[in-house]
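Here are my notes after a pass through this one.

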Protein chains: 2
Amino acid sequence: MLDFPVENLSAEDVERLRRIYEPLTNSVRDLIDATIRTEVDGDAVAAAKAEIDSATTRLRSRQLDGSFGVRFGADGDQMPWGNVVIGMRNPVAPPLVFAPTADGGVRADFHLGAAYEGPPGHVHGGIAALILDHALGGAASAPDKPRLTGTITMRYRRMTALGALHVEAAVVRTEGVKTFAEGRLCDADGVTVEAEGVFIRPRWARD
Amino acid sequence: MLDFPVENLSAEDVERLRRIYEPLTNSVRDLIDATIRTEVDGDAVAAAKAEIDSATTRLRSRQLDGSFGVRFGADGDQMPWGNVVIGMRNPVAPPLVFAPTADGGVRADFHLGAAYEGPPGHVHGGIAALILDHALGGAASAPDKPRLTGTITMRYRRMTALGALHVEAAVVRTEGVKTFAEGRLCDADGVTVEAEGVFIRPRWARD
């Protein structure tokens with residue numbers, strides 16, 4: 001069983017929180033990229049580190065005991081803000097913003113830079129798997145009916161270049177608690193990775 | 001074809017660079033966690049953001065044009081420092097440190113916190129896939145003979161709790177340019193995800 005706390009937040013409260021935390025998270029995303037790519041000397045690194053540690057101390061002066069989780073506002077607004085793929089408050093998330101497709105699936109256009117590298121200049125194969133797992137799971141789930149990955153297979157056609165990318169996924173069929181979905185990741189030159197998976201409605205989320 | 005530059009760096013130079021950049025990267029990892037979990041008010045967030053942006057400006061004053069890639073020192077020291085799973089200079093990487101096993105495979109003990117969350121309190125299924133893809137690929141590759149993922153299948157037995165984790169992988173058999181590997185991810189209560197994959201030696205890395 002998972003915990004999805006409902007907080008006493010109006011839509012306006014949620015929007016106010018977004019305005020506070022989204023710029024912070026975007027700044028940390030920019031810092032991550034700069035940290036990987038910097039070539040400044042030891043003194044400049046030490047000065048940057050001191051500022052970073054000071055910021056961390058400020059932020060930790062009041063914090064959640066554990067991870068962010070998924071919260072719901074009073075109006076039913078879902079806030080999966082800690083999620084590593086779509087979380088507005090998670091600097092590791094690019095974040096992806098999924099849109100529905102005409103066939104009931106999902107799609108997202110996004111950009112991956114230096115932070116997601118595996119082979120030089122290319123997306124780590126496991127990051128392709130992360131993005132595809134989330135996309136297929138999203139296509140297989142309704143907002144009030146989460147489904148979790150049972151099995152998923154990735155087929156790598158070629159390496160995925162870092163840069164502008166596109167992912168899409170759709171349900172193929174549903175049999176009882178199992179939903180079959182498939183999808184693909186594309187870079188500027190076309191499809192790079194294909195995925196197919198079986199998603200299961202967990203016992204606690206069944207009717 | 002991939003670019004693996006050899007730089008004119010001695011083992012001492014590599015160690016000096018590690019001493020400069022590793023503490024910076026660890027500080028950014030700590031900041032990522034604090035950014036997700038903080039509950040401080042707007043003024044404190046703004047003050048932290050200003051320090052972060054100042055640090056980013058310092059680091060960007062001299063930087064690589066693109067991603068970090070994989071470099072080699074003059075003594076053959078491999079520096080996959082930008083890698084999203086094992087990269088010492090990539091704050092998104094936990095990072096994992098793999099050790100060889102008696103059967104020629106690889107293993108790593110590591111910790112995943114709030115930054116890798118999917119279902120509340122649990123590791124994102126796609127992060128499990130990222131870790132397993134890297135572990136199986138590592139087991140299938142020799143240092144001078146990289147192999148890339150052809151296909152990989154993940155079987156999710158149950159959700160993986162955030163916290164202390166273990167991954168291991170080994171080669172099952174090799175047939176020409178194809179190497180078959182399998183592995184598993186475990187949390188404190190045992191195996192959570194199993195993986196099996198086929199890894200291909202790229203044409204440019206064949207004898």
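This is a predicted model: local features need pLDDT of at least 70, side-chain atom pairs count only at pLDDT 80 or more; totals for chains, interfaces and linings use all residues.

1. Start with B:P95, which sits in the loop between strand 2 (78-79) and strand 3 (99-100) of chain B.

2. Chain A has its own cis bond, joining A:P94 and A:P95 with omega at about -15°. A:P95 is likewise a loop residue, placed between strand 2 (78-79) and strand 3 (99-100) of chain A.

3. On to how the chains are arranged. Two copies of a chain are related by a rotation about an axis and a shift along it. Here, a rotation of 180° with 0.0 Å of shift along the axis puts chain B on chain A, at an RMSD of 0.0 Å. That is what a two-fold axis does. If you want a landmark for the axis, take B:T153: its C-alpha is 2.1 Å away, the closest approach of any residue of chain B.

4. Which surfaces do the copies use to meet? They meet through the same surface, because 100% of the interface residues of chain B are also interface residues in chain A. The contact takes 83 residues from chain B and 83 residues from chain A. About 7,500 Å² is buried between the chains, and carbon and sulfur atoms give 61% of that area.

5. For the polar side of the interface, there are 51 residue pairs in polar contact between chain B and chain A, counting pairs with both residues at pLDDT 80 or more. On the chain B side, helix 1, helix 2, helix 3 (125-140) and strand 5 (148-156) each supply at least two residues that touch chain A. The salt-bridge count between the chains is six. One of them pairs A:D33 with B:R60, whose closest N and O atoms are 3.0 Å apart.

6. Buried, exposed or in between? B:E39 has a relative accessible area of 35%, so it counts as partly exposed.

Conventions:
Residues are numbered from 1 along each chain as its sequence is written. Chains are lettered from A and ligands numbered from 1 in the order in which they are written. Side-chain values use heavy atoms; hydrogens and water are left out. Buried means under 20% relative accessible area, exposed over 50%, partly exposed in between (1.4 Å probe, protein chains only). Helices (H or I, at least four residues) and strands (E, at least two) are DSSP runs, numbered from the N terminus. Copies are superposed by least squares on the C-alpha atoms of residues with pLDDT of at least 70 in both. Contact means heavy atoms within 4.5 Å. Buried area is the accessible area (1.4 Å probe) that two parts lose on being put together, summed over both. A salt bridge is a side-chain nitrogen of Lys or Arg within 4 Å of a carboxyl oxygen of Asp or Glu. A polar contact is a pair of N or O atoms within 3.5 Å; within protein, one must be able to donate a hydrogen and the other to accept it, and residues adjacent in sequence count only if both atoms are side-chain atoms.
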